[in-house]
Amino acid sequence: MEFETISVMGLGYIGLPTAAAFAARRKKVIGVDVNQHAVDTINRGAIHIVEPELDMLVQAAVTQGYLRATTIPEPADAFLIAVPTPFMDGHRPDLTFIEAASRAIAPVLKKGDLVVLESTSPVGATAKMAGWMAELRPDLTFPQQAGESSDVRVAHCPERVLPGHVIRELVENDRVIGGMTRRCSEAASELYKVFVRGECILTDERTAEMCKLTENSFRDVNIAFANELSLICDRLDINVWELIRLANRHPRVSILQPGPGVGGHCIAVDPWFIVDSAPDEARLIRTARTVNDDKPHWVIERVERAATRFKAPVIACLGLAFKANIDDLRESPAVEIARELGERFPGQVVAVEPNVNCLPEQLQGHVELGRLQDALTRADIVVILVDHAPFKSIDPIRLQAKVVIDTRGVLA
Ligand code: SAJ
């Protein structure tokens with residue numbers, strides 16, 4: 001099977017790098033996004049998100065004519081869907097974006113096309129997607145109707161790249177490829193081999209869906225273990241960082257790091273998709289979510305307790321991003337903590353985030369954005385929320401006579 005033209009639906013943190021990776025292999029790529037601003041930016045050869053090396057790749061792809069963005073789907077040989085899958089109230093998965101994208105490509109599908117769902121999805125989502133397309137195209141057959149002889153092939157191939165390392169991991173990571181039939185898997189594998197140097201491992205679509213959720217739940221449960229240890233150690237007056245370092249000297253122990261909570265759009269979301277599909281069985285996975293979601297409140301309480309020692313303390317929050325050395329503030333526990341503190345201590349909270357120039361809307365009016373040295377000078381209480389590189393080199397003398405709450409073990 002030859003894939004001449006590839007269409008990527010959703011040009012965000014996953015879709016755009018993937019589109020650029022195909023374009024770098026001289027495939028004709030049509031990127032589709034509902035966001036006109038993103039489409040215009042990409043067509044200028046620029047990018048609307050932050051990811052190292054992506055700007056150069058996109059610029060090269062657009063100027064050489066391999067990548068073009070549009071808001072309206074066009075015919076292609078393969079379609080990749082990389083749209084968000086958030087959750088609704090009650091932590092139920094919201095498949096609205098997948099439904100909209102699959103309905104949007106249905107009219108341009110033709111016999112022999114391949115459709116791959118890349119978005120992290122609850123078990124059963126790929127089959128649902130195939131159902132939505134079949135509904136609009138009774139003239140074509142899909143795997144759920146015609147099995148191996150279907151006109152359109154459908155697969156799930158979850159992305160697994162780490163923000164900040166997307167360009168390298170896209171190429172190097174192994175890919176789990178779950179086709180609705182064997183031929184669907186094989187077609188998808190052929191597509192990814194265009195740029196993937198890792199192994200492409202074939203399975204069915206439900207196992208592939210569960211595999212992605214499992215990877216992120218594994219990490220969430222392990223972070224919850226570290227976070228729970230940090231509460232226990234606080235109660236027992238033991239240094240949790242030293243404790244973890246020592247325990248990790250055991251050849252079969254590898255504990256992750258506690259923090260102010262779990263942020264980002266994946267690890268704090270995906271485990272809920274498992275809980276939603278098997279609520280009675282997924283007890284540990286649910287509890288881990290609760291432990292991690294409770295951690296920001298615990299940090300806030302500690303700051304409040306420390307604040308009772310002062311009349312009107314200045315509180316410096318170091319870091320707002322959801323993890324170290326990135327500029328992504330979305331779903332960040334650090335932002336949640338700074339906002340809550342800003343509301344409780346109006347005019348007294350200064351946030352330091354070296355990777356941004358302005359505060360997110362939810363902090364404006366509650367929190368001031370400051371520079372590191374100035375914030376340290378003014379602060380009575382210093383709360384370290386992100387282990388950004390510049391915070392690791394703070395001179396300990398600058399912290400003398402201040403209350404320091406180090407949620408990341410930067411000073412440990
Ligand atoms: N965190 C800790 N302690 C740790 C490790 C992480 O508190 O020891 C926190 C981070 O500070 C952050 C959150 O967890 O707030 C998530 O960060 P992360 O680096 O663990 O993961 P993400 O969300 O950037 O990317 C994850 C990755 N999944 C796994 O490592 C299993 C990535 O490979 C996935 O592709 C991505 O989710 C995704 O898109 O699903």
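Visitor: Is Ser 119 buried or exposed?

Guide: The model is predicted, and Ser 119 lies in the loop between β5 (114-117) and α5 (125-136). Its relative accessibility is 5%. A residue is classed as buried under 20%. Ser 119 therefore counts as buried.

Visitor: Which backbone oxygen does the side chain of Ser 119 reach?

Guide: Leaving aside neighbours within four places in sequence, Ser 119 is in contact with several residues, among them Ile 81, Ala 82, Thr 85 and His 156. Val 83 is also one of these contacts. At 2.7 Å, the side chain of Ser 119 reaches the backbone oxygen of Val 83.

Visitor: Which residues of strand β10 are buried on its two faces?

Guide: Strand β10 spans residues 349-352, and both of its faces are covered. One side carries Val 349 and Ala 351.

Visitor: What is the bridge partner of Ala 316 in β10?

Guide: Strand β9 (residues 315-318) pairs with β10 in the parallel sense, over four bridges. Together with helix α13 (residues 333-344), β9 and β10 make a right-handed β-α-β unit. Within β10, the partner of Ala 316 is Val 350.

Key: Residues numbered from 1 in each chain as written. Predicted model: local features only at pLDDT ≥ 70, side-chain atom pairs only at ≥ 80, totals over all residues. Heavy atoms only, no water. Buried < 20%, exposed > 50% of the residue type's maximum accessible area, 1.4 Å probe, protein only. Polar contact = N/O pair within 3.5 Å; in protein donor to acceptor, adjacent residues only side chain to side chain. Contact = heavy atoms within 4.5 Å. Pairing = 2+ DSSP bridges. Right-handed = clockwise from strand over helix to strand, strands pointing away.
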